[in-house]
Amino acid sequence: MSAPEVHQLSLGPLTGVAFSPDRSQVAVSPNNNEAQIYSKTGDTWELKQTLAEHDKLITAISWAPQTNRIVTCSQDRNAYVWTPTESGWKPALVLLRINRAATCVKWSPNEDKFAVGSGARTIAVCSFDEENNWWVSKHVKKPLRSTVLSIDWHPNNVLLAAGAADAKAYVFSAFIKGIDAKPEPTVWGDRLPFGTICGEFSTPNGGWVHDVAFSPSGDVLAYVGHDSSVSIVYPSGPGSPPTAHISIRCPALPYLSLTFTSESQLIAAGHDCQPVVFTGSSAGWAHSYSLDDPSSGGSKGLTPTATGSRVPSGGPGRLNNEAFNLFRQADSKGVSSRSNSVSAPSSAGMAAVGQDGQLLTVHQNSITFIEPYEWNSSGEVTKVTTAGKDGRLVIWSVAGGKPGGLSGRMGGLHV
Amino acid sequence: MSEYAFRKIDIDAPRGPAGALSDAKAKSGEVRGLVSKGDIAGALNLILTDPPYGDGVDEAKNLTSSAVLLILNSTRTAEIPNHLKNLDPEQQDHLMAYLYKAMGTEGHGGDVSGSVLLTWHEKLTEVAGVGCIVRVMTDRRTL
């Protein structure tokens, strides 16, 4: 367990993040129509290439770990598959046939398909057509009543989970004849022609679903909603209600992204700017600990100094004395007493703000992306990566299933 | 398609509008009794469990809202946090929804003052967090 690595890649939000298979490169979009590929040299990231083919904002990027291809999708309703050549990355247009923005994209585990969610109330499942040498898509339309906000693939390469703005999380079959072999029966179902609905789940208070994730085995589905809830579903089999459907109502602001690190642990992150670990089983789930707890006072010293406005270091001049600062704080920020210099959250779920106006967490704005970064030899996730609207890319260590975060946080503590 | 028949059941109104109304009447009567005996905790617990929810039960909703307001008005400020801590998360969400509803009708002949609502709102946010507010704002079904 060590202190998180923080990299400031942009001053604005990062809208798509994807690491290369060997983690030496990262593709991000700085909230515009370009995708930038950074390469790691020592401790810093260096801009290597810019992929400029889209006309509008890029909403998501996915990098296939084995075949080393990148797919980007954008609000211009297009997706491109980029293949590396000697002269750089070469784009190939995908025939998505959607009439609204594409919102999310993900390669399937076998990397022979990818799925694109869109505002056109459709999911385009794309596969390569050898005859015509282009990517074609098949649409899942049926029960979707609103924008698809997130997708995730089941490890069997056939099932697809989607979270939508109609406050539902769905599980579909994305079986494509000629590409997929007949899948083994799973808890989600045994006969799976394209478009079969294997599950449909709501959030407890009707919040739209921001993100969905399958557990490593694919037997458990978790999703986060805008009603500050985390829900975990254990299906029992086709046609019967799930064995367990657990919803946790959180005191904090809603989560935007989540990922499983093992069958019994998941990490969610969102508007409260810190990744939070949940643990449990089919008997029940609960909030476990935060990877970046501002009340334990550790992470502030980790923020990079290169960016943003920092506290003015007491320069010369009589206007810098304590009393003056006190009144200036009261005037500009409404801070009335000096006693709350490291203000603990005054009520449950509020982000703590330091005297300099910066958050006490590593991320200074909502976290929009979280994904596993590194696995140990037994297949457990040891590091996760997050990115957010503050333009920071952070790599966190996760103690395998145990709340052993304290020593790590103490290590980063500046006394 | 028989396996989808359960989707047609309106889970928000298991007993229909008439049943919801008679339930609401019985409950608000009971709440009045509890409040006059000074049992605020019992009254809150009763009225915030399975409140009328969804379409077509407006009359029941209004009855329940005024019963909630009666409780809010007859509680001493110092006792509020203790009562709130004894509610489960779902009841806390419902209470927050009633607070916002009352704030919305404030000044339209409502019988509750803004300061009472704001006190309850402050204490409830301290106990249940901002997540509770987000849930009320997000939910399109009303109480």
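In the predicted model, K138(A) lies over the face of F194(A), at 4.5 Å from the ring centre, where a charge is taken to sit over a ring if NZ of Lys or CZ of Arg is within 6 Å of the ring centre and within 35 degrees of the ring normal. Because the model is predicted, local features need pLDDT of at least 70 and side-chain atom pairs count only at pLDDT 80 or more, whereas totals for chains, interfaces and linings use all residues. Residues are numbered from 1 along each chain as its sequence is written, chains are lettered from A and ligands numbered from 1 in the order in which they are written, and side-chain values use heavy atoms, with hydrogens and water left out.

Over all chains, the structure holds 13 aromatic pairs, a pair being counted when the ring centres of Phe, Tyr or Trp (its six-membered ring) lie within 6.5 Å, with planes under 30 degrees apart called stacked, over 60 edge-to-face and the rest tilted. W188(A) lies in the loop between strand 16 (168-173) and strand 17 (197-202) of chain A, and F201(A) lies in strand 17, so the pair ties together parts that are 13 residues apart in sequence; strands (E, at least two residues) and helices (H or I, at least four) are DSSP runs, numbered from the N terminus. W188(A) also forms an edge-to-face pair with F214(A), at 5.8 Å centre to centre and with 80° between the planes. This second pair links distant parts of the chain, as F214(A) belongs to strand 18 (residues 209-214) of chain A, 26 residues apart from W188(A). W188(A) counts as buried because its relative accessibility is 3%, and F214(A) is likewise buried, with a relative accessible area of 6%; buried means under 20% relative accessible area, exposed over 50% and partly exposed in between, with a 1.4 Å probe and protein chains only. A further group, made up of W107(A), F114(A), F128(A) and W135(A), forms one aromatic cluster.

Strand 12 (residues 123-129) of chain A contains C126(A), which is buried, with a relative accessible area of 0%. C126(A) and V136(A) are ten residues apart in sequence, and their C-alpha atoms are 5.4 Å apart in space.

Chain A also contains an open sheet of four strands in the order 2-3-4-5, with antiparallel pairing, where two strands pair if DSSP finds at least two bridges between them. Its edge strands are strand 2 (16-19) and strand 5 (44-51), each of which pairs on one side only. Within this sheet, strand 3 (residues 25-29) and strand 4 (residues 35-41) of chain A pair in the antiparallel sense over four bridges, and the bridge partner of A27(A) in strand 4 is I37(A).

Another open sheet of four strands in chain A has the order 22-23-24-25, with antiparallel pairing. Strand 22 (255-262) and strand 25 (284-290) stand at its edges with a single partner strand each, so one side of each is left without a neighbour in the sheet. Strand 23 (residues 265-270) and strand 24 (residues 276-281) of chain A pair in the antiparallel sense over four bridges, and A268(A) has V276(A) as its bridge partner in strand 24.

In chain B, the buried residues of helix 3 include A60(B), T64(B), V68(B) and L72(B).
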